[in-house]
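Open the structure in your viewer and keep the selection panel at hand. This tour goes stop by stop, with something to select at each one.

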Protein chains: 2
Amino acid sequence: MADQRGARDAAADEPLRLPEDLDERKARVLRTIVAEYVANGQPVGSSRVVQTAGLDVSSATVRNEMAALEERGYIDQPHTSAGRIPTDKGYRAFVDLLEVGGLDTQRAELIDELLGSAHDAEELMSTASAVLSQLTRLVAMVVAPTMDEARCKLVELVGLGTTTALLLLVDDTGRVVRRSVDIETPVTDGDLGRVRTVLAEQLIGRRMGDVHETVDGLVDEAPSELRPTLQAVRSATSEDLSVDLVRRVFVGGQAALAGDESLERNALGQVLGLIEERATLARVLDDTAADGADSLPHARIGAEHDVEELKTTSLVSQRYQVVRAGSLGVLGPTRMDYGAALSTVRAVSEALERTLADLRGPDQKN
Amino acid sequence: MADQRGARDAAADEPLRLPEDLDERKARVLRTIVAEYVANGQPVGSSRVVQTAGLDVSSATVRNEMAALEERGYIDQPHTSAGRIPTDKGYRAFVDLLEVGGLDTQRAELIDELLGSAHDAEELMSTASAVLSQLTRLVAMVVAPTMDEARCKLVELVGLGTTTALLLLVDDTGRVVRRSVDIETPVTDGDLGRVRTVLAEQLIGRRMGDVHETVDGLVDEAPSELRPTLQAVRSATSEDLSVDLVRRVFVGGQAALAGDESLERNALGQVLGLIEERATLARVLDDTAADGADSLPHARIGAEHDVEELKTTSLVSQRYQVVRAGSLGVLGPTRMDYGAALSTVRAVSEALERTLADLRGPDQKN
DNA sequence: GTTGGCAGACCCCTCGATCGAGTGCCAACG
DNA sequence: CGTTGGCACTCGATCGAGGGGTCTGCCAAC
């Protein structure tokens, strides 16, 4: 397992702690190689390192350093007479040494402006993924927060047929959960209305996470004619309410994947396939974010992924909203601009937190 | 403009009408070339045509026919000493001569079974796109029907802050429209409740397409304290209700695009980009389906598209539900198996219609 | 109209040679 | 001992030539 520390915060002023097997100069060489390779996509040779790193030594010296770096697994050589390419371990070390800077004010303002124009949580997250993908030119993903902690604001039960109904729950940020209810025996509109009233009385104001349990408690007390309906509602709410409809994943900029040369066509297909499996995708984003410190983005690089399809890609992900956590991030080839990715994810994440708070904050009366 | 007749129905028993510039044998040669090329991806030569078409003439004769076909623009030669490849016009002629057969019972049953397991319209369409993409190994898309003709079944107005509320409309198939309402001046819960009552009285049972107009009519009659809220509702419903949230496009199997060699990497990126623009996508599907006869799928091939990004792809699309029409289809490289695509789209479309009818049919009481 | 035959075009693969980038090693130097 | 310049070496990339194979277009004959 690779080092799982999160990216460093630029604010924390402790000196950069180098890995044991890297001295100052080796680290600098490694940094240069990663930066150059990310920028140009070409293996980088010793002379180029000397040039761009502005080191005051000869290329022969750098060659020695590079040999050491290769031996320790930080870089690799496609073939004997080629320059070096970072390994996953090399990227990892690079990222660990990286200071996550802030974004320039222009971009930061752009983010705030765009996110601020959203009317509700859903639109907000959709915008966030669009902004994130455009700024990074990577695939951007935003996982909606769980709604367990949110309060139930509205309950509706609409009959669609004599044995089917639609259950609607709205939370205090305006998110809507929509569940089909299949009732065993036909039920009249009147009974449906009565169930609706009971549900509204009991559920409104309660935590969304407690809905199922509450409904469960109602089934036994209820008069027998309402029981089949309540049982149906119980089973309709048994699955985590956040799944599927609410814990949606907003994906933007998939096309960017195709534009990247460094991703094999085959790998591309696999990644696209994975992106369609929203449940796995949400898990991967959440997990990756959880590996990092709170309010700092964290990267998973290449082989660090536990999902086979992502082994040639890197994911930078961060949690937002500590109370009811969602996560967001960008996905791209391991050869990505980690500096930009990390700081952009961080900036958008923070902007999203702020805007989300605004949305239910200032003019909230209850 | 290419020929815009829809695909032929196998049931219609009129003789196949050949294009003027194709006699029986030329058509047969063309058919063989398309079939072979679709199957193998290799340019097909005269001798191969003789073999697989089982023609009782020599390859020289076929060469003459092929020269004629090339002159008329049906086929093309990548280079002098290569076999022939169909042009878009060639594919078009091929498709026009194609009889849209039924699917084998095994597949047909599979489709019915899978679609039948869906609980509501949304799940149904999502399943349909998954089924369609798996059967064809192409990108499948299902555009939800417009809801103009559907009846309003429920109206709710939930306050989220003193100046923001959430408007919920549910139609008689259980689809939910969700609109943010920004009110000019703060409004009390009581007033909000009264507006809700007014809206419910006036809207329930009405066509969803008439909602905006109805609300518009209410604004002037309403007491002044309700007016800001009604105005806000009016502007929230001004946009077509079907757009965005309801007229969703369910896409499945994008990964298939990456797997196909015949699509340039560049083109792939463009297609992926277009797929993310759901509004355009819905329009293209609708338009393509509209070009064909009702209850028959229609193909748009390569250059027939008016969208630049799709010029190297073909789309097979069909309308379902004539009253409140949606459309569905598959997208892939022009070199696709049109026979399979056409019959599968047709089969899924019909199954979707049936299931959608069932969903609101048998046990519907109002 | 159809056919066999044939020359020609041209892709594809391989082979060899050359070029150049970049390396590893080594002896010398401070 | 770290650093350096020098040098031989490796190996991909590029180029051109040549052979094999495929498929065509044309033509004369049937």
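This is a predicted model: local features need pLDDT of at least 70, side-chain atom pairs count only at pLDDT 80 or more; totals for chains, interfaces and linings use all residues.

**Stop 1: chain A alone**

Select chain A and hide the rest. Its C-alpha atoms fill a box of roughly 90 × 40 × 35 Å along the principal axes. Switch to a cartoon view. Chain A has 14 helices and 12 strands. How much of chain A is buried? Of its 366 residues, 47% count as buried. Now consider the contacts in chain A between residues at least 6 apart in sequence. Of these, 65% join residues at least 24 apart.

**Stop 2: both chains**

Bring chain B back. Superpose chain B on chain A. The move is a rotation of 180° with 0.0 Å of shift along the axis, and the RMSD is 0.1 Å. The two copies are therefore related as by a two-fold rotation axis. The same surface serves both copies, as 100% of the contact residues of chain B recur in chain A.

**Stop 3: where the chains touch**

Which element gives the largest share?

**Stop 4: a sheet in chain B**

Select β6, β7 and β8 of chain B. These 3 strands form an open sheet in the order β6-β7-β8, with antiparallel pairing. β6 and β8 of chain B stand at the edges with a single partner strand each, so one side of each has no neighbour in the sheet. Look along the sheet for its twist. It averages 15° from one strand to the next.

Zoom in on β6(B) and β7(B). These antiparallel strands are joined by 7 bridges. Pick B:Val158, and you will find B:Leu166 of β7(B) standing opposite.

Helix α9 (residues 227-236) lies across β7 and β8 of chain B, running at about 130° to β8(B).

**Stop 5: DNA strand D**

Show DNA strand D with its surroundings. There are 20 residues around DNA strand D, and those that come nearest are A:Val57, A:Ser58, A:Thr80, A:Ser81 and B:Gly45. Select α3 (59-71) of chain A, then α2 (46-53) and α3 (59-71) of chain B. Each supplies at least two residues of the surface near DNA strand D. The largest share, 5 residues, comes from α3(B). By class, this surface divides into 6 nonpolar, 11 polar and 3 charged residues.

**Stop 6: DNA strand C**

Finish on DNA strand C. Which residues are closest to DNA strand C? They are A:Gly45, B:Val57, B:Ser58, B:Thr80 and B:Ser81, out of 20 that surround DNA strand C. Select α2 (46-53) and α3 of chain A with α3 of chain B. Each supplies at least two residues of the surface near DNA strand C. α3(A) gives the most, with 4 residues. Coloured by class, this surface shows 6 nonpolar, 11 polar and 3 charged residues.

How values were computed:
Residues are numbered from 1 along each chain as its sequence is written. Chains are lettered from A and ligands numbered from 1 in the order in which they are written. A residue is near a molecule or strand if its C-beta atom, placed from the backbone, lies within 6 Å of it. Ala, Val, Leu, Ile, Met, Phe, Trp, Tyr, Cys and Pro count as nonpolar, Asp, Glu, Lys and Arg as charged, and the others, Gly among them, as polar. Copies are superposed by least squares on the C-alpha atoms of residues with pLDDT of at least 70 in both. Two residues are in contact if their C-beta atoms, placed from the backbone, lie within 7 Å. Two strands pair if DSSP finds at least two bridges between them. Axes are lines fitted to C-alpha atoms, for helices over the stretch in contact, and angles run from 0 to 180 degrees between N-to-C directions. A residue is buried if 20 or more other C-beta atoms lie within 10 Å of its own, exposed if 12 or fewer, and partly exposed in between; C-beta atoms are placed from the backbone.
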